[in-house]
Amino acid sequence: LPMTRALKLLEAMKSPTSSIKPNIVTYNAAIRACAECLNLAGAFDLLRQLKEDGLEPTIVTYGSLMTACERMGDVEAASKVFRMVKEDDGGNDNDDIQANEIIYGAAISCCRKARQPERALLLLRKMISDELSPNTATFNTVVAALAEGKPDSKIDNNILWEKALAVFKVMKSKHAPPGVAPNRQTYNILVRCLAANLQPGYAESLLTAMRK
């Protein structure tokens with residue numbers, strides 16, 4: 001497995017007899033390998049190790065950690081990564097340590113996997129307020145999270161299909177980030193959602209719009 005090879009190589013480099021010591025690039029690659037192999041605990045342990053070795057995490061480090069959270073659908077771990085990024089941003093002079101589109105995109109996907117559509121929508125809003133530019137894929141992930149979610153029956157106005165439509169309207173509006181527009185995937189998600197929620201009129205209008 002790539003993760004096993006990466007971790008063995010890292011251990012060999014950390015050996016007292018090794019003339020080559022691991023740098024942040026080495027650790028980032030190992031964290032990414034853990035992410036791809038669904039080893040979230042291993043990814044966080046590597047973060048601990050690199051700090052013990054006197055290295056500073058980069059935005060690539062945190063992006064790989066967030067990918068590990070996304071692969072597992074672990075929202076609490078994703079929140080922990082956000083906190084660490086914020087602490088690093090406030091605690092040193094490195095402007096590169098700020099949550100970027102990659103980190104937000106992975107976190108939003110994580111919320112979708114965890115069936116937390118409202119949190120996905122909140123992250124999209126936060127992303128835009130931070131003057132970042134979510135792409136069409138990120139918007140589609142939020143639309144899908146809302147379309148697949150189950151509304152909280154305790155909250156009368158929590159109608160997720162309406163919120164999915166609202167995100168779609170933003171994608172079509174002049175306020176959409178550059179390059180963002182609904183695509184076939186957007187329409188497919190919404191049509192299935194509207195059909196499932198017994199909204200044939202909306203579904204039919206979307207199908208008509210998609211054919212234009």
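**Helix pairs and a pocket**

Q: Why are α6 and α7 called roughly antiparallel to each other?
A: In this predicted model, their axes cross at roughly 165° and come within 8 Å. Angles run from 0 to 180 degrees between N-to-C directions, with axes fitted as lines to C-alpha atoms, for helices over the stretch in contact. Over 145 degrees counts as roughly antiparallel (under 35 is roughly parallel, 65 to 115 roughly perpendicular, the rest oblique). So α6 and α7 get the roughly antiparallel label.

This is a predicted model, where local features need pLDDT of at least 70 and side-chain atom pairs count only at pLDDT 80 or more, while totals for chains, interfaces and linings use all residues. Residues are numbered from 1 along each chain as its sequence is written, and side-chain values use heavy atoms, leaving out hydrogens and water.

Q: What makes the contact between α6 and α7?
A: Contact means heavy atoms within 4.5 Å. On α6 the residues are E101, Y104, A107, I108 and C111, and on α7 they are R119, A120, L123, L124, K126 and M127. By class that's 8 nonpolar, no polar and 3 charged. Nonpolar covers Ala, Val, Leu, Ile, Met, Phe, Trp, Tyr, Cys and Pro, charged is Asp, Glu, Lys and Arg, and the others, Gly among them, are polar.

Q: Is the crossing of α8 and α9 left-handed or right-handed?
A: Left-handed: the near helix is turned anticlockwise from the far one by less than a right angle (clockwise would be right-handed). α6 also passes α7 in a left-handed crossing.

Q: Why are α8 and α9 called roughly antiparallel?
A: α8 (residues 136-148) and α9 (residues 160-172) pack at about 165°, with axes 8 Å apart, and that makes them roughly antiparallel, therefore. T136, F139, N140, V142, V143 and L146 of α8 meet L160, K163, A164, V167, V170 and M171 of α9. That contact has 9 nonpolar, 2 polar and 1 charged residues.

Q: What makes up the secondary structure of the chain?
A: The chain has 11 helices and 0 strands, as DSSP runs numbered from the N terminus (helices: H or I, at least four residues; strands: E, at least two).

Q: Which helices each supply at least two residues of the lining of the largest pocket?
A: α5 (75-91), α6 (101-113) and α7 (117-129) do, and α5 gives the largest share with 8 residues.

Q: How do the residues of the lining of the largest pocket divide?
A: They come to 13 nonpolar, 2 polar and 6 charged.
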